[in-house]
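Dear colleague,

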Amino acid sequence: LHLSLRRQRQMCIRDSFYCSRLIEKGVNAMNYLFYLEPYAFLLRSNDKTVVYNTLNATYLICPDYPIVQLIIEQWQNPTNGYSVLLDKEMMENEVVRHFVEAVRELFSGDCIEYDGKFPKPYIFQPTLFLNSDIRVKDEEKKASLGNRVMENLNEVNLYLPATCELECPACTSYFHQINHCTVHSGDGLKTDDYRRLIRQFLMNGIKRINIFAGGNPNKNSYVRQLLPDMEKSKVDVHLYLDNTFLCSEYEELVQQTKCVLEVLVHAEGFGNQLTEDMQKFPYDRVKWNLIVSNESDMERIEKMEIPAETVVQIKPFYTAENKDFFREYVYLEMQDILAAPIDRKTIFRHRTLNDNFFGKLTIYPSGEVYANVNCSVLGNIQDSSLKELLYKEITEGNAWLRIRGNEKPCNQCVNRDLCPSISNYELVIGKNNLCNITSVH
């Protein structure tokens with residue numbers, strides 16, 4: 001509603017009056033208890049407040065009136081128990097009444113009569129409690145963190161020495177955005193070094209090891225020697241290879257081992273031959289990673305007759321010349337965020353750590369270790385222990401704990417805790433807000 005300047009001043013004066021009554025009014029007369037449910041989050045930025053319901057994904061932008069802002073501040077006060085007392089006169093305020101109705105309609109809260117005869121119920125607002133601060137400064141606590149640091153390692157990318165005759169034009173770029181092979185040569189780590197590392201991973205309960213051997217992994221001596229060691233454990237082993245190297249030997253590998261085959265397919269490989277290959281490998285442990293960079297690639301995939309049981313993963317690749325393609329297929333829209341409920345744990349994780357990076361390491365044949373290949377090197381596994389490198393990332397690094405709440409312009413956006421964590425695409429493009437949501441620009 002577009003109100004006259006005089007009318008706006010009158011409403012501000014009236015709201016200020018109601019605000020003072022909200023603070024000073026006792027519970028001698030009938031009041032109303034206006035509260036939020038414990039599964040509803042208050043998300044705030046400099047210019048906007050949203051009530052987000054984690055059960056049904058409803059999203060309510062709170063009216064920007066002084067009296068509503070005071071209600072929100074009272075909700076945020078822990079001593080109030082996610083509730084605020086309203087008297088009859090305030091409930092007759094049109095702005096307050098409409099706000100109450102909106103919250104109730106979305107099942108994010110309620111407003112009930114309260115006569116003050118009994119203590120009002122205390123509703124716990126969603127709050128994150130950490131057993132310990134991840135980035136501690138106290139030396140004694142740091143020592144304790146060092147003893148537990150290995151528990152955080154969940155996944156490792158192991159790049160093995162390799163050669164390859166394919167000469168992919170973006171060989172040294174793909175792995176900065178997605179899980180992809182590349183050629184690493186050098187005489188850093190030997191087979192016994194990898195074996196010691198793998199034993200450490202298995203002892204600490206790591207869940208997944210990704211193997212990248214460039215070229216044809218089946219002809220790589222490191223792969224042939226190391227796979228049997230990993231097969232004896234419960235760890236998930238994922239072996240990456242280009243689809244041009246597929247042959248009957250890999251069918252035997254899938255049938256006789258627990259290894260997951262991650263097949264990398266570039267746009268030039270989209271076609272009838274790929275469909276035939278998919279039919280030859282009808283196994284759930286064979287995953288097809290289709291790498292796309294433009295609209296034409298997507299159209300070719302749509303025309304393919306992909307077998308029903310085939311596991312296909314579409315992997316966009318940024319070339320610096322396909323910005324429009326990324327805006328269309330990768331950038332987030334508001335409906336993407338609200339497509340499905342985001343639970344409490346996910347919101348809390350987004351406030352604390354990076355879902356995409358946390359718990360992962362990449363190790364090159366040189367021994368260099370990265371928490372993320374787009375960030376600075378942590379050190380060399382030949383000079384430092386695995387525990388020391390993990391400890392360095394948690395206390396000093398900028399990958400595992402890289403959250404939108406600390407990065408511009410996302411830290412000014414009310415949706416920062418709802419959006420997926422920052423990914424490699426943001427790091428490569430150099431733009432954190434890969435979205436088409438105008439409120440954050």
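**Surroundings of Asn-432**

Leaving aside residues up to four places away in sequence, Asn-432 touches Arg-404, Glu-407, Lys-408, Cys-410, Ile-422 and Glu-426, contact meaning heavy atoms within 4.5 Å. This is a predicted model, in which local features need pLDDT of at least 70 and side-chain atom pairs count only at pLDDT 80 or more, while totals for chains, interfaces and linings use all residues. Residues are numbered from 1 along each chain as its sequence is written, and side-chain values use heavy atoms, with hydrogens and water left out.

Asn-432 is found in the segment after helix H15 (424-429); helices are DSSP runs of H or I with at least four residues, strands are runs of E with at least two, and both are numbered from the N terminus. With a relative accessible area of 13%, Asn-432 is buried (under 20%; exposed is over 50% and partly exposed in between, with a 1.4 Å probe and protein chains only). A polar atom of the Asn-432 side chain lies 3.0 Å from the backbone oxygen of Lys-408.

**Sheet S2-S3-S4**

Three strands form an open antiparallel sheet in the order S2-S3-S4, where pairing requires at least two DSSP bridges between two strands. Its edge strands are S2 (40-44) and S4 (59-61), each pairing on one side only. S2 and S3 (residues 49-53) pair in the antiparallel sense over five bridges, and Leu-42 stands opposite Val-51 in S3.

**Helices H2 and H4**

Ile-67, Val-68, Ile-71 and Trp-75 in H2 meet Val-95, Val-96 and Phe-99 in H4.

Yours sincerely

Notes. A polar contact is a pair of N or O atoms within 3.5 Å; within protein, one must be able to donate a hydrogen and the other to accept it, and residues adjacent in sequence count only if both atoms are side-chain atoms.
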